[in-house]
Amino acid sequence: MRNVGLIVKVTRLCNLRCSYCYDWRSGPDQRMPFGVAARMTAAALRDPEHDAVEFLWHGGEPTLIPVQYFEKVMAVQARFRRPGQPIVNAIHTNASHITKRWVEFFRQYRWQVGISVDGPREVHDASRVDAAGRPTLERVLRGYEVLRSEELGVGVISVVDRRTLALGPVALFDFMVEVGIHNYGINFAMPDPQPDAASGTTVDHYITTQERTEFLIGLYDRWRTYNDHRIEIREIATVLDRLARVKGGSLPCTYGGDCFGNLYTVEPNGDVNHCCYLVGDPQYRWGNIMRQDFSAIRQSPNMNAVVAARAREEGELQQCPEVSVCRGGCPMEMYMSARHDPEPLTACCGQADFIRHVRAHPVVEAVV
């Protein structure tokens, strides 16, 4: 049985023009027709191997799609949900135009909400501008406050690109404290996939393994000395839980072990790919939900080839001294490292130094 995650690119249209983002598109055919969403939903819920299904409604900017569209999706979910089958719905939004209608919808259907906040004004407003080139931090924080004031659980993702690296992890942490954001995760910027790139190819928006490690260690040290148990940073919480062998809960996919066949990205036209970072590499396109169900997609020659290659890679990753914690890490990070890192990852997922640092510097009792 599988706990399956679907990253649904319900639209590629977006009202922002973030400097590191290649997810948005313009022009026609960038919205997922409802027929595609309905077929995808039914196929995901009817598959006998899908014990639980999480739908992550993504973009572009998904709130550019009317609320009524998603109300119809909820009706399809109710129709095809198997008895006792857990379903999670989450949306990731730039929060620039959260309305009362959206708040009512999120509450009624118990949707999880994630928003993007990249940090202090000098970072966020330089990277995340709207289509007219205007800054967005104030609008995003207003949207966050609306969600929080309505007592809706909301998580935050902060994309770390070159500006954030230059500013440093302490500045990011202190900003989040200042604006009252206590629950967030880090996504390091990633370039558009370049399947034919030679090892060591320099590209924009690639953060090396060493830079990631140094940033996470700095963030952990600031979090640890600040000593406030209300603040939960996904990457830190995951490592602490794994070190303590905490069971249950959800892991970020970077610590989830084998993700092939358990994670999909669905494009507006129904194309089914692996994770959204690898859309654009045809080797990671598994099929189309309008022509195949998930059983057939799992038999895709492309998927089988990638799974076989990952199995060989995982054999080498067993040499990593922290493999019991990192579980081999994320295949996407290995993919990017092989092409763009000056010291490509081989027998380690790249998390070992961070994990060792956390292990060597335990958490003291937090203040209340």
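Which residues in α2 meet which residues in α3? Keep that in mind while we set up the view.

**Before you click**

This is a predicted model, in which local features need pLDDT of at least 70 and side-chain atom pairs count only at pLDDT 80 or more, while totals for chains, interfaces and linings use all residues. Residues are numbered from 1 along each chain as its sequence is written, and side-chain values use heavy atoms, with hydrogens and water left out.

**Stop 1: the whole chain**

Start with everything shown as a cartoon. The protein has 14 helices and 10 strands; these are DSSP runs numbered from the N terminus (helices are H or I with at least four residues, strands are E with at least two). Along the principal axes, the C-alpha atoms fill a box of roughly 50 × 50 × 40 Å. The radius of gyration is 20 Å, which agrees with the value near 21 Å that a compact globule of 368 residues would have. That radius is taken over C-alpha atoms, and the globule rule is 2.2 Å times the number of residues to the power 0.38.

Switch to a surface next. Of the 368 residues, 53% count as buried (buried is under 20% relative accessible area, exposed over 50%, partly exposed in between; 1.4 Å probe, protein chains only). Among contacts between residues at least 6 apart in sequence, 72% join residues at least 24 apart. Contact here means heavy atoms within 4.5 Å.

**Stop 2: α2 and α3**

Select 67-80 for α2 and 100-109 for α3. Now for the opening question: Val 67, Phe 70, Glu 71 and Met 74 in α2 meet Arg 101, Trp 102, Phe 105 and Tyr 109 in α3. By class, this contact has 6 nonpolar, no polar and 2 charged residues. For the classes, Ala, Val, Leu, Ile, Met, Phe, Trp, Tyr, Cys and Pro count as nonpolar, Asp, Glu, Lys and Arg as charged, and the others, Gly among them, as polar.

The two axes come within 11 Å and cross at roughly 10 degrees. Axes are lines fitted to C-alpha atoms, for helices over the stretch in contact, and angles run from 0 to 180 degrees between N-to-C directions. α2 and α3 are therefore roughly parallel to each other (under 35 degrees is roughly parallel, over 145 roughly antiparallel, 65 to 115 roughly perpendicular and the rest oblique).

**Stop 3: two backbone details**

Move to the loop between β2 and α2, where Gly 60 lies. A cis peptide bond joins Gly 59 and Gly 60, with omega about 15 degrees. Then pick Arg 110, in the loop between α3 and β4. Its phi is near 55 degrees, a positive value in a residue other than glycine. Arg 110 counts as exposed, at 76% relative accessibility. For background, most residues other than glycine have a negative phi, and most peptide bonds are trans.

**Stop 4: Lys 9**

Is Lys 9 buried or exposed? Lys 9, in strand β1, counts as buried at 0% relative accessibility.

**Stop 5: around α8**

Select 209-226 for α8 and 234-243 for α9: they pack at about 80 degrees, with axes 10 Å apart. α8 and α9 are therefore roughly perpendicular to each other. Leu 216, Leu 219, Tyr 220 and Trp 223 in α8 meet Glu 235, Ile 236 and Leu 240 in α9. This contact has 6 nonpolar, no polar and 1 charged residues.

Within α8, pick Arg 212. Arg 212 is buried, with a relative accessible area of 10%, and its contacts beyond four places in sequence are Phe 188, Met 190, Ile 207 and Glu 333.

Follow the chain to Asn 227, in the loop between α8 and β7. Asn 227 has a positive phi near 65 degrees and is buried, at 15% relative accessible area.

Finish at Asp 353 in helix α14. Asp 353 is partly exposed, at 39%, and touches Thr 213 and Ile 217.
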